[in-house]
Amino acid sequence: MIEKESLLSRLERQLATVQIVSSSLVERLGCSDARRILRKEGITWRANDHSILLDKARQLGSERRNYLGTLAVAYDLFADDLDKGIPVIDSLQDLVDSLSVPDLCSAFATARKDVERGKLLYEDLARSKAFSPTDIAYVRIAESTGELSSTLRVLAERARYERGTPSWLGDDD
């Protein structure tokens with residue numbers, strides 16, 4: 001029994017060492033956030049799983065970049081509509097009809113219905129989890145000051161910046 005316990009203890013120490021080596025290698029390869037992100041997703045890895053870990057990190061990064069690109073386009077389209085004098089409700093419907101990201105479509109569809117009933121836009125965006133708290137705060141202030149269009153342009157630029165593609169470089173999609 002003692003021999004079995006010491007063997008298990010030794011194996012656990014070796015596994016911990018392997019995980020430390022594995023995680024430090026991933027960090028050296030530029031994927032330090034990958035461990036945290038993957039851990040949140042419930043994904044664990046072993047010493048020989050570097051390629052799987054890196055592939056998953058790249059996939060999550062690509063999905064995030066695509067989402068931010070779509071969000072930037074949505075903010076720009078929304079601002080364009082408002083600048084043209086199109087009512088908020090119609091603009092939100094245009095976004096629902098033209099976007100391909102289900103979370104954003106659902107958020108804008110719900111917002112359209114609630115804005116039509118007299119609710120504030122930022123309240124619906126806050127409920128959806130598709131938008132960052134910063135974006136919601138910007139929209140809240142913009143609604144109270146009447147500067148929604150210009151604020152949406154700022155948010156579009158911010159999404160592009162987070163994505164790694166400032167507007168002056170153009171979108172690469």
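The protein chain folds into 8 helices and 0 strands, where helices (H or I, at least four residues) and strands (E, at least two) are DSSP runs numbered from the N terminus. The order of elements from the N terminus is accordingly α-α-α-α-α-α-α-α. The model is a predicted one, in which local features need pLDDT of at least 70 and side-chain atom pairs count only at pLDDT 80 or more, while totals for chains, interfaces and linings use all residues. Residues are numbered from 1 along each chain as its sequence is written, and side-chain values use heavy atoms, with hydrogens and water left out.

Of the 173 residues, 34% count as buried, meaning under 20% relative accessible area, with exposed set at over 50% and partly exposed in between (1.4 Å probe, protein chains only). The chain exposes about 10900 Å², and 54% of that area is supplied by carbon and sulfur atoms; accessible areas come from the Shrake-Rupley method with a 1.4 Å probe, and for residues only the protein chains shown count as cover. Among contacts (heavy atoms within 4.5 Å) with a separation of 6 or more, 45% join residues 24 or more positions apart.

We turn next to a helix pair. The axes of helix 4 (residues 88-98) and helix 5 (residues 102-116) come within 9 Å and cross at roughly 160°, which makes the two helices roughly antiparallel. Here axes are lines fitted to C-alpha atoms, for helices over the stretch in contact, and angles run from 0 to 180 degrees between N-to-C directions; angles under 35 degrees count as roughly parallel, over 145 as roughly antiparallel, 65 to 115 as roughly perpendicular and the rest as oblique. Helix 4 contributes Val 88, Ile 89, Leu 92, Gln 93, Leu 95 and Val 96 to the contact, and helix 5 contributes Cys 105, Phe 108, Ala 109, Ala 111, Arg 112, Val 115 and Glu 116. These residues divide into 10 nonpolar, 1 polar and 2 charged (Ala, Val, Leu, Ile, Met, Phe, Trp, Tyr, Cys and Pro count as nonpolar, Asp, Glu, Lys and Arg as charged, and the others, Gly among them, as polar).

Ser 91, in helix 4, counts as buried because its relative accessibility is 0%. Beyond its neighbours within four places in sequence, Ser 91 is in contact with Phe 78, Asp 81 and Ile 86. Thr 70 belongs to helix 3 (residues 50-83) and is also buried, at a relative accessible area of 16%. With neighbours within four places set aside, Thr 70 is in contact with Leu 99, Val 101 and Leu 104. Thr 70 and Ala 156 lie 86 residues apart in sequence, yet their C-alpha atoms are 9.5 Å apart in space.
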